[in-house]
Structure formats: structure tokens, C-alpha cells
Amino acid sequence: MRQSISKKAVIMRRQHIGTIIRIISFALIVVLAVVVAIPFLWMISTSLKPDLRAVFQFPPQWIPHPPAWDNYLKAWNSAPFNRYLMNSVIVSVSTVVFEVINACLAAYVFSKIRFPGRDLLFLLFLAVMMVPSQVIVVPNYIILSKLGWIDTYWALIVPFVASAYGTFMIRQAFLDVPDDLVDAARVDGASHFTILRYVMIPLSRPMILTFALLNFNWRWNDYFWTLIMTNSDTMRTLPVGVIAMQAGAEGGTNWHYMMAAAVIVILPVLVLFAMTQRYFVEGISHTGLKGV
Amino acid sequence: MALRKPALLRSPLRRADYLTAILFLAPSLIVFGVFVYYALGFNLYLSFTSWNFLSSTKTFIGLENYQRMIADPRFWKVIVNTFYFSIATVAFSLLFGLVLALILNQKMSGRGLLRVIFFSPYITTTSALALLWIWIFDPNYGLMNYALQLVGIGGPRWLTSTTWAMPALIIMTVWKTSGYAMVIFLAGLTNIPHELREAAQIDGAGPWATLWKITLPLLSPTTFFILFTLLISAFQTFDQVAVMTAGGPINATNVLNYYIYEQAFINYKAGYAASLAVVFFLILLGLTILQLRASRRWVYQP
């Protein structure tokens with residue numbers, strides 16, 4: 001009898017501890033969320049300040065009065081942002097389209113066609129994942145200049161239209177499609193391309209979409225490769241253009257315009273992420289994303 | 001993946017399969033052949049030469065670039081910096097990612113929104129964020145020193161200080177990558193059977209003991225995965241270094257990837273940069289192999 005009472009007390013105390021932990025952890029996570037969000041808020045706040053005097057006001061005023069919305073227009077017009085945006089879209093979209101096509105073709109071979117030497121070829125594909133593009137940037141610069149591609153779209157697109165990582169991801173999805181289905185279609189006279197187009201790809205749509213999104217994000221954010229492989233303003237993408245704008249500013253940085261420009265650069269990514277959050281998170285949890 | 005006998009190739013269907021396979025693989029094979037495999041070989045060759053990208057001949061100098069590297073105090077400084085930066089960012093990102101994931105793994109309102117907030121720095125454009133952080137670390141008007149002043153600390157001159165420029169880069173990068181660690185930890189946590197934790201609690205384990213005796217050990221494969229992927233990407237860091245400090249002041253934040261860029265595209269030393277890239281590649285390869293080994297050993301089998 002006494003034992004059961006004390007046991008009850010223990011359980012009740014434990015529930016108390018549970019509630020306390022829950023409250024503390026909720027408070028902690030809210031504080032951390034504010035800390036993580038503050039740089040973004042500071043960026044927006046600065047981008048809306050009417051002039052440099054307001055920017056350098058100390059202590060800072062978080063909500064500019066009145067907010068200078070036309071900073072965004074001025075930032076956009078202070079550098080060829082139309083061109084940067086167009087370049088970013090052309091490069092990222094075409095890279096991802098070709099990359100997805102090539103990855104699907106290769107994934108089909110590595111999951112559904114058997115032939116001698118396939119495993120060796122697959123190993124060659126897998127090994128590519130161990131070679132980050134940074135490691136081979138010097139020879140690639142020379143190769144691309146031999147091809148006459150430096151400072152053209154080709155240099156930004158062609159080296160990335162094949163993806164070992166994408167082939168691997170999409171192959172995983174293709175492996176889940178029963179071989180019997182493919183064999184039956186073959187017996188009925190369907191070509192491999194028809195099977196890929198009308199059976200494999202529709203059945204693996206979530207994985208393909210996830211890969212496309214991750215890689216769109218990765219190409220869109222690229223700074224390193226584009227910085228090295230382009231040298232004229234007309235070829236710059238948003239991530240490189242915004243830095244060139246800062247470097248070109250004479251006599252101190254106009255932080256209100258700079259922050260407006262930075263918001264313009266990150267906004268498309270954030271909107272895309274907000275709309276497709278689930279795919280991003282799932283894709284990254286399954287595979288881990290390259291690059292920081 | 002049992003291989004069919006080559007004899008089967010003689011049947012017309014098999015030959016068609018073979019042709020299709022080659023056709024389907026051709027685009028990828030050409031791209032990898034030129035921009036990865038040929039490039040790797042070319043890089044190795046370049047590392048034995050002295051060349052400025054312009055002159056018509058590359059001078060073959062054997063191992064001289066590697067000897068120079070060993071004698072180059074800047075190279076060793078760069079190596080130390082790279083390890084300092086990588087270990088610090090990975091350690092803090094792991095820690096914060098774990099704490100965030102443990103809290104967000106509980107049922108609470110606003111969980112989805114919180115997850116988006118923590119994850120958004122990871123997917124946004126690094127170069128633009130680096131600009132933001134230059135402004136945050138502005139010694140006179142920046143947010144960081146303002147915040148420090150509020151608690152009575154006079155902040156340092158962050159990005160222009162040889163001592164504080166590296167911590168500044170580390171803070172920025174931890175802010176950016178903790179969300180990645182969180183997302184993967186959350187995925188790992190959902191794989192831990194709920195009954196295990198409940199059973200431990202029924203047996204009298206408190207929340208602290210459950211965490212240390214059940215959750216963390218079962219999370220170890222996830223932890224290893226995050227550790228190595230973060231380490232590999234930390235070693236490749238370029239964008240924030242190039243934008244925020246350009247490796248300075250006085251090489252205080254010069255990391256391997258930036259040093260290669262600097263040698264190749266600012267000093268036009270193609271050969272020396274190529275030899276640095278070989279070393280860089282070997283370090284990354286070593287880490288990847290270590291990861292494969294570790295994951296094989298640590299994969300949790302239910």
C-alpha cells in the first residue's frame with residue numbers, strides 16, 4: 001500500500017519535471033529562433049532606412065520612419081540587376097533541366113539494363129562524387145578557355161549538366177519500380193526510352209523533383225565557379241553581381257542600398273523554399289546536401 | 001546485380017540493350033570524362049610544372065611545387081586556419097543542431113514555422129549573406145557590437161582584427177549550417193523507435209538518463225553522418241571568406257580553398273595552385289573514406 005503511494009508520488013513528480021522541461025525548452029527554442037532571425041530582420045530594417053545618417057544612427061532604430069521603399073528601386077537600378085537576374089535564371093534553369101534528363105537516362109541504365117561492364121561504369125560515376133568542383137577548378141579554367149567558353153553561358157552550364165549525385169538519387173527511386181513491369185513493357189515492344197518516359201519518370205516524380213530543387217538551389221547560389229569563369233558584367237549572376245556592386249561602391253558602402261540588393265538576391269530562394277519546404281527537407285534528410 | 005554472360009550479347013535484343021545503355025550514358029560520360037577525369041589528370045600534371053596561364057610553354061619542374069609548399073610558412077598557416085575553422089564550425093553546428101532537433105522533436109505548436117526559421121540561412125545565397133554579416137560585424141555601427149554593448153562589453157574590430165576575424169567567420173558559418181544539422185538530426189530522431197524511450201522511462205530512467213543512455217547512442221550513426229558531411233563542406237568553404245575578409249587580415253582567415261584561388265587567379269601561379277589542389281583533394285578523399293568506414297561500423301541495425 002505504502003509502496004504504491006510512493007510510486008504514484010514518483011510518477012507525479014516525474015510528470016512535473018516533464019512539464020518544467022517542456023516549458024524551459026519552449027522558451028529556449030523561441031529565444032534561439034529570435035537570435036537566428038535577427039540578422040534577417042536587421043537586413044530588412046537597414047534596407048528601408050531613408051539615408052546614411054539613419055543607417056549609422058546609434059543606437060539603431062529598428063523600424064525606419066518612414067520606411068524608404070524606393071531603396072529597392074534604387075538598388076535595382078544602381079547595377080545591371082535585370083541582366084544578373086536573367087543570367088541567374090538562364091544558367092540555373094538550363095543546368096537543372098539537362099542535369100535531370102541526363103541523370104534519369106543514366107539512372108535507368110544503372111537500374112534496369114544489364115550488360116557486361118555496367119558495375120565498373122557505375123563505380124566511375126560514384127567516384128565522381130568524391131571530387132568536388134573546387135578541387136579541379138584550375139584545370140577546368142584552362143579547359144574552358146581552350147574551348148573558348150570563358151565568360152559565356154557554356155562555362156557555367158556544360159560542366160554541370162551531368163550529376164553523379166543525381167544519378168545515384170534517381171537510381172534509388174528507379175530500383176523501387178518492379179523489374180517485371182519493365183520486362184512486360186519490353187515484351188510488348190516498348191522501347192527503353194518509352195519505358196523511361198512513361199513508366200519510370202512518372203512513378204519517381206517526388207525523388208526527381210527533390211533532386212531538381214536541391215540542385216536549382218545549389219546552382220542559383222553559386223558564387224565560386226561563376227566568379228572564376230566569368231569576367232564581364234554582362235555575364236554575372238545575382239550572387240556575383242551583388243558583390244561586384246559592393247566592390248564598385250566608391251567612398252564607403254551605402255548599406256541601405258546594399259542590404260536592399262542583398263534582399264533582392266535572397267528573396268527568390270526564400271520564396272522557392274517556402275513553397276517547396278517539404279521536398280527540400282526530405283531531400284536533404286535522405287541524402288545530405290553538398291556545399292555550404 | 002549479377003552480370004549476364006557476354007555471350008548473351010549475340011542475341012539481337014541484348015545488343016540493342018547495350019547500344020541503348022551507351023547512348024543513355026554518353027552525355028554524362030563525356031561531361032565526367034572531360035571535366036572530372038581528364039581535369040584530375042591534367043591537374044596532377046600541372047602540379048609538376050611552373051606556369052603563369054599565359055606563356056606558351058609549361059616548364060616541367062618535377063616535385064619543386066611540393067617542396068616549395070612544405071617550406072612555405074603561409075601554406076602551414078593556411079592549413080592551421082582550415083582546421084581551426086572547420087573543427088570549430090562543425091563542433092558548434094553539431095551542438096546547436098542537436099539541441100534544436102531534440103526540442104523540435106517534441107509536440108509543440110509552431111513547430112513548422114520554427115523549423116523554417118532555423119533552416120532558412122542554410123539554403124539562402126552565401127555571398128549575399130556574407131555582405132549582411134560584414135555590416136553586422138561593422139565595429140562602429142554594426143549589430144554585433146551594439147548587442148555586446150547592451151550587456152556592457154566593448155566589442156572588437158571583428159573583420160579587421162587578426163584575432164577576431166576568424167571567430168567572426170565561424171559565427172556566421174555556424175549560423176548558416178546549424179539548420180542543416182538540425183534537419184538531419186530530426187530525421188534520425190524519427191527513426192528511433194518510440195517504445196524504446198518509453199520502456200526506459202517505465203524502468204525508472206529520468207529524462208536526462210534517457211537522453212544519454214538511449215537517444216544519443218542510437219543517434220550516433222546520424223551524428224557521424226552530419227559530422228563528416230559538415231567537415232567535408234567546411235573544408236571547401238570559399239564564399240564567405242572571399243567576400244568578408246579575402247583571407248585577411250594578414251592571412252588570418254586564409255583557408256585552403258581560398259589560398260588555391262588566390263595562387264591561381266590572383267597570383268597566376270597555375271602550377272603551385274594545382275599542387276595545393278592535389279593536397280586538398282587527398283585530404284577530402286581521406287575524410288570521405290573515413291566516413292564510409294565509420295558509417296559501415298556505426299549503422300544502427302534494428
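## Domains of chain A

Between domain 1 of chain A and domain 2 of chain A there are 0 salt bridges. Polar contacts do occur: 6 residue pairs, both members at pLDDT 80 or more, link the two domains. This is a predicted model.

The assignment places domain 1 of chain A at 2–69 and domain 2 at 71–287. Their centres, taken over C-alpha atoms, lie 36 Å apart. Domain 1 of chain A puts 14 residues into the contact, and domain 2 of chain A puts in 12 residues. Together the two domains bury about 950 Å². Carbon and sulfur atoms account for 70% of that area.

## The domain 1 side

Two elements of chain A each give two or more residues to the side of domain 1 that touches domain 2: helix H1 (2–47) and helix H2 (52–55). H1(A) supplies the largest share, with 5 residues. By residue class, this side of domain 1 of chain A has 10 nonpolar, 2 polar and 2 charged residues.

## Chain B against chain A

Now the interface between the chains. The contact draws 101 residues from chain B and 99 residues from chain A. The buried area between chain B and chain A is about 9,000 Å², and carbon and sulfur atoms give 78% of it. Three residues stand out on the chain B side: B:Phe24, B:Phe35 and B:Trp135 supply 9% of the area that chain B buries against chain A, more than any other three residues.

## Charged and polar links between the chains

How many salt bridges join chain B and chain A? The count is 1. B:Asp17 forms a salt bridge with A:Arg186, and the closest N and O atoms are 3.2 Å apart. Polar contacts between chain B and chain A number 12 residue pairs, both residues at pLDDT 80 or more.

On the side of chain B that touches chain A, helix H1 (residues 12–46) of chain B gives the largest share, 23 residues. That side of chain B divides into 72 nonpolar, 22 polar and 7 charged residues.

## A buried threonine in chain B

B:Thr89 sits in helix H3 (residues 73–104) of chain B. Is B:Thr89 buried or exposed? B:Thr89 counts as buried because its relative accessibility is 3%, and the cut-off for buried is under 20%.

Which residues does B:Thr89 touch, leaving aside neighbours within four places in sequence? Its contacts are B:Ile170, B:Thr173, B:Val174 and B:Ala234.

Technical notes: Residues numbered from 1 in each chain as written. Chains lettered and ligands numbered in written order. Predicted model: local features only at pLDDT ≥ 70, side-chain atom pairs only at ≥ 80, totals over all residues. Heavy atoms only, no water. Helix = DSSP H or I, 4+ residues; strand = E, 2+ residues; numbered from the N terminus. Buried < 20%, exposed > 50% of the residue type's maximum accessible area, 1.4 Å probe, protein only. Contact = heavy atoms within 4.5 Å. Buried area = accessible area lost by both parts, 1.4 Å probe. Salt bridge = Lys/Arg side-chain N within 4 Å of Asp/Glu carboxyl O. Polar contact = N/O pair within 3.5 Å; in protein donor to acceptor, adjacent residues only side chain to side chain. Nonpolar A, V, L, I, M, F, W, Y, C, P; charged D, E, K, R; others polar. Domains from an automatic or database assignment.
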